[in-house]
Amino acid sequence: DLNTGKCSAIYSAQGTDDAHVGAIYCMQFNDKRLVTGSYDHTIKVWDLESKRCLHSFGPESKGLEFHTNTVRCVQFDLMKMVSASADKTIKIWDMRSETAKTTIKGHSAPVGCVQSDEDKIVSGSADETVKIWDTKTGGCVTTLQQDSPV
């Protein structure tokens with residue numbers, strides 16, 4: 001609770017089939033959902049009210065291959081989710097059909113951060129670049145060279 005500073009709920013899937021088998025590395029939430037990315041290479045979508053896992057994006061996912069290394073960043077809205085991984089890829093997932101739609105490759109080192117809007121994805125990597133991608137084509141629009149890992 002932001003007003004009192006006290007914990008208002010505890011979420012634990014430990015001991016269930018829903019639990020990540022590796023540490024949670026990143027998360028994002030809205031009013032209804034919590035999305036977690038993990039060292040176990042999976043992404044899980046949780047219902048905040050029931051505290052249950054609604055879907056797991058991983059080896060059993062429909063569509064493209066899942067991440068093959070730690071999921072380091074997730075961002076989602078009602079239509080899509082974008083994830084970045086230590087496997088050097090960015091994936092765009094369809095939240096409605098729960099499938100991977102696109103895998104973006106272009107970084108030469110782990111991708112540590114990602115943000116997106118309707119038309120663009122911006123990613124930062126340990127390869128010392130920030131890249132801007134077109135969400136429709138998956139092509140790199142711009143590369144910004146940095147002097148240190150991003």
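1. In this predicted model, Asp77 has a relative accessibility of 34% and therefore counts as partly exposed. Its salt-bridge partner is Lys80, with 3.7 Å between the closest N and O atoms. Lys80, by contrast, counts as buried, because its relative accessibility of 15% falls under 20%.

2. The salt bridge between Asp77 and Lys80 belongs to a set of five in the structure. Another of them joins Lys120 to Asp117, the closest N and O atoms being 3.3 Å apart. Both ends are partly exposed: Lys120 has a relative accessible area of 38%, and Asp117 has one of 36%.

3. A further salt bridge links Asp119 with Lys136, and here the closest N and O atoms are 3.4 Å apart. Asp119 sits in the loop between β10 (111-116) and β11 (120-125), while Lys136 sits in the loop between β12 (129-134) and β13 (140-145), so the pair ties together parts that are 17 residues apart in sequence. Asp119 is partly exposed at 42% relative accessible area, whereas Lys136 counts as exposed at 66% relative accessibility.

4. The histidine in question is His67, located in the loop between β5 (62-63) and β6 (71-76). With a relative accessible area of 0%, His67 is buried. Its side chain makes a polar contact of 2.7 Å with the side chain of Ser83 and one of 3.3 Å with that of Thr89.

5. Which residues does His67 touch, not counting those up to four places away in sequence? Besides Ser83 and Thr89, they are His41, Ile43, Ala84, Ser85, Asp87, Lys91 and Trp93.

How values were computed:
Residues are numbered from 1 along each chain as its sequence is written. This is a predicted model: local features need pLDDT of at least 70, side-chain atom pairs count only at pLDDT 80 or more; totals for chains, interfaces and linings use all residues. Side-chain values use heavy atoms; hydrogens and water are left out. Helices (H or I, at least four residues) and strands (E, at least two) are DSSP runs, numbered from the N terminus. Buried means under 20% relative accessible area, exposed over 50%, partly exposed in between (1.4 Å probe, protein chains only). A polar contact is a pair of N or O atoms within 3.5 Å; within protein, one must be able to donate a hydrogen and the other to accept it, and residues adjacent in sequence count only if both atoms are side-chain atoms. Contact means heavy atoms within 4.5 Å. A salt bridge is a side-chain nitrogen of Lys or Arg within 4 Å of a carboxyl oxygen of Asp or Glu.
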